[in-house]
Amino acid sequence: MTQRTADSVSSLLTLAPETATRVLGVGPTEELETVETAELGAGDVILVRPGERIGADGDVIEGTSEVDQAAMTGESVPVRRGPGDPVLSGTVNGTGALRVRVGRPASESVIARVVAMVETASATKAKTQLFIEKVEQRYSLGVVIATLVVFFLPLALGEDFQAALLRAITFMIVASPCAVVLSTMPPLLASIANAGRHGVLVKSATVMEQIGRTQLVAFDKTGTLTEGAPVVRTVDPRGPYSVDDVLRLAAAVEQQSEHPLGQAIMRAAAHLDIPVATDFRAIPGVGVEGTVDGHRMRVSQDETEHVDRIGTVVTVTIDGVPVGTIDLDDALRPDAAAVVDRLSAVTTGRVHLLTGDNEVTAQAIGARTGIAQVHARLLPQDKADVVRELEASGTAVMVVGDGVNDAPALATATVGVAMGRHGSDLALDTADAIIIRDDLSTIPNVITLSPRARRFVIANLIIAGTFIATLVLWDLLGTLPLPLAVAGHEGSTVIVALNGLRLLRRSAWK
């Protein structure tokens, strides 16, 4: 656990730049100096060039750009940031230059708080043990003491030394905890192997046992319930232009852009004959423009960017005249709604949604997936706080996420599950289990597999206990032949092992 926490924190710290460009003076006397981000204090002004990571939490005082905040808030597309807007350390600036007034020192930044939360949650998370591990040592010690009593007591009462020794040895063999220990591990290891065969990596037998305690599942949105990449939802043409016309003209300009929205438009227009745009120019915080067939084309985000709404709207104009709009949204995973419905059946609590997106988008995703408990505009510490409140009420929570912003919640939850295909290194290190192929349908399956394994463990313990009790009583009250004692002891061990291996069958994964 300690090493995993260290790896998690190390991977997180790479998000924060080591240096920043501090601005000294104003106007003609302005000077720039490169300083360690740890030296920045509240009130300092830093220059963030295009493509750089922002070195501190603060507010933009000059410049307009688009900032990729996916690592911190989980928003699927870069957001426009201009004077007066807040920015977070570790997020990536787009094509414009920004001057940011630092709001808090590096030790109090979002990244610093995430580091502290991951370390604390990982260190204080209940160190649960398998049930058998709690009693195994005491039982073994009890067998040794009982064996000595079985040997010395008859000897003291006058029994022959050889007979007393044989009885004690037989007792020690039949009372030894081999079958009891094997009652637990084969079912759990077989269930781990079965889960792995179906694309779920469970990191330990303890985690597999904990999964069965899940009462409530909380999902991240971007990259978990959704694909994490925008797609064209609708195209609204104007005047004489058709849907294909608007897509084709927008794609002509966007084919030279690296912006996620531009890439989504290109995918939607892949079937069209796209002309080549010349004199391409990216306009920081606005969009892109270029010349197509002698006309100036522009694709720009709607000016109402900061108004709560679902998705992102871009406007396509020719020589300043709007010819249509394109609505883009993060694509919902096809099986998301069905998985939420199944989880409602296999758990006792209602499914929750934890997201950094705005309230309108969060509620829309909740409505489309059937999630009624929606928590929007959450920073990493907010997600962890929600999970902590749920756990404080005695609810065992499973959190499913993929990003850096999900790591504190993953570490805080009873069970943290990360999406493996596109999950961040921090999420993968922090999680207790990983969905290798990002298949959400495996979550209810593994939740039902865990209690099935527990039932096999209980059945094995009954089998092992029955064998031990019968053979011990036989040895104490009568004369149990040593070969029969060995056969009974080894036979019970083999039976519980084979019974546990039944969880390897495909029918166990339902």
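Trainee: Which residues does Lys-383 touch, not counting residues up to four places away in sequence?
Mentor: Contact means heavy atoms within 4.5 Å. Here Lys-383 touches Asp-220, Leu-354, Thr-355, Gly-356, Leu-378, Asn-405, Asp-406 and Ala-409. One caution: this is a predicted model, where local features need pLDDT of at least 70 and side-chain atom pairs pLDDT 80 or more, while totals for chains, interfaces and linings use all residues. Residues are numbered from 1 along each chain as its sequence is written, and side-chain values use heavy atoms, leaving out hydrogens and water.

Trainee: Is Lys-383 buried or exposed?
Mentor: Buried means under 20% relative accessible area, exposed over 50%, and partly exposed in between (1.4 Å probe, protein chains only). Lys-383 has 1%, so it is buried.

Trainee: With which side chain does the side chain of Lys-383 make a polar contact?
Mentor: With that of Asp-406, at 2.7 Å. A polar contact is a pair of N or O atoms within 3.5 Å; within protein, one must be able to donate a hydrogen and the other to accept it, and residues adjacent in sequence count only if both atoms are side-chain atoms.

Trainee: How are the rings of Phe-151 and Phe-152 arranged?
Mentor: Rings of Phe, Tyr and Trp (its six-membered ring) pair if their centres lie within 6.5 Å; planes under 30 degrees apart count as stacked, over 60 as edge-to-face and the rest as tilted. These centres are 4.8 Å apart with planes at 65°, so the pair is edge-to-face. Phe-151 is buried at 12%, whereas Phe-152 is partly exposed at 49%.
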